[in-house]
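Dear colleague,

I am handing over the structure below, and after it I set out what was found there. Please read the notes with the coordinates open beside you.

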Amino acid sequence: MDKIIVCIKGVPRPETVKVDPETHTLKRESAELILNPNDRSALEMAMRLKATYGAEVIVITMGPPNVLPLLREAYALGADRIILLSDRAFAGADTLATSRVLAKAIERLSPFSLVLMGLKSLDGETAQVPPETAAILGIPSVINVQKITFEEGIGMVLRESEYGFEELEIEPPFLVSLHPKLDYYRPPSYKRLLKARTLEAEVLTARDLDLPEEWLGLKGSPTQVADVFEKKFVERGEIWEGEPDELAEKLLSFLKEKGFLKN
């Protein structure tokens with residue numbers, strides 16, 4: 001095994017989501033981004049395979065510059081290289097336009113053995129990018145994977161389907177999307193955390209990837225969003241202040257009022 005490529009995505013923290021009323025897309029550049037939870041499973045699987053087979057792990061993501069902390073987090077977890085695909089021309093991309101960009105970036109990293117992605121993103125929930133990217137690359141893909149091993153250079157994959165579990169043998173290179181059921185997630189290395197604070201990613205633009213303009217962003221996206229809205233969050237918390245005896249009486253009255261205690 002030579003290279004494992006992990007594709008991760010920064011998804012907006014729900015309370016910071018803003019939408020563009022003209023394009024009906026998320027404003028990712030102004031949102032607080034967190035690592036897509038399913039992609040954390042892909043990173044952990046990559047580190048386990050690296051420890052077992054000695055592969056180089058390369059982590060790539062597509063997004064605005066504010067996604068860089070997530071790449072640094074991936075480095076702290078053990079990634080060897082971090083690559084940011086960033087260009088204003090990528091903005092508003094749907095799953096197909098995103099897959100084209102990812103596929104082109106992955107192609108530049110050939111030869112590779114394996115591409116790992118999370119099953120789906122928290123914001124889009126489509127699960128389309130992994131198989132679309134594999135189709136553009138012309139390599140096999142398996143979705144909903146729980147376990148990956150290699151025997152004599154052949155990939156052994158356990159996936160869950162609606163009918164149960166399947167074991168598949170696949171010759172590299174191939175792409176899998178991971179089902180988030182791992183029993184353990186390693187913490188970041190303290191030494192790497194310190195180094196990651198000032199680490200810069202390799203940045204690739206649309207020109208670097210030699211992609212035609214009509215394939216990118218909203219122009220290259222056949223999906224048209226009719227409408228979007230921002231979720232409003234209402235704080236329901238209440239702070240009580242006073243002496244301990246007074247607060248205890250107030251709490252008892254509250255619990256009785258709500259039916260948790262009998263009079």
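This is a predicted model: local features need pLDDT of at least 70, side-chain atom pairs count only at pLDDT 80 or more; totals for chains, interfaces and linings use all residues.

The secondary structure comes to 7 helices and 13 strands, while the C-alpha trace spans about 70 × 45 × 45 Å along its principal axes.

The second largest pocket may be of interest to you, and about 150 Å³ of space lies in it. Its lining consists of Met 45, Arg 48, Leu 49, Thr 52, Tyr 53, Gln 146, Lys 147, Ile 148, Thr 149 and Leu 182, and these residues divide into 5 nonpolar, 3 polar and 2 charged. Helix H1, which covers residues 37-53, and strand E9, which covers residues 141-151, each supply at least two residues of that lining. Of the elements involved, H1 gives the most to the lining of this pocket, with 5 residues.

On the surface, a nonpolar patch is formed by Tyr 190, Leu 193 and Leu 194, which together have about 310 Å² of accessible area. One of these residues, Tyr 190, is found in helix H5, which runs over residues 190-196. Is Tyr 190 buried or exposed? Tyr 190 counts as exposed because its relative accessible area is 61%, and the cut-off for that term is over 50%.

With best regards

Notes. Residues are numbered from 1 along each chain as its sequence is written. Side-chain values use heavy atoms; hydrogens and water are left out. Patches are made of residues with over 30% relative accessible area and no salt bridge: like charges are joined within 9 Å, nonpolar side chains (Val, Leu, Ile, Met, Phe, Trp, Tyr) within 5 Å. Accessible areas come from the Shrake-Rupley method with a 1.4 Å probe; for residues, only the protein chains shown count as cover. A salt bridge is a side-chain nitrogen of Lys or Arg within 4 Å of a carboxyl oxygen of Asp or Glu. Helices (H or I, at least four residues) and strands (E, at least two) are DSSP runs, numbered from the N terminus. Buried means under 20% relative accessible area, exposed over 50%, partly exposed in between (1.4 Å probe, protein chains only). On a 1 Å grid over the protein atoms alone, a cavity is a set of points where a 1.4 Å probe fits but cannot get out, and a pocket is an open set with protein on both sides within 12 Å along at least five of seven lines; lining residues have an atom within 4 Å of a point. Grid points are joined across faces, edges and corners, and a volume is the space filled by probe spheres set on the points. Ala, Val, Leu, Ile, Met, Phe, Trp, Tyr, Cys and Pro count as nonpolar, Asp, Glu, Lys and Arg as charged, and the others, Gly among them, as polar.
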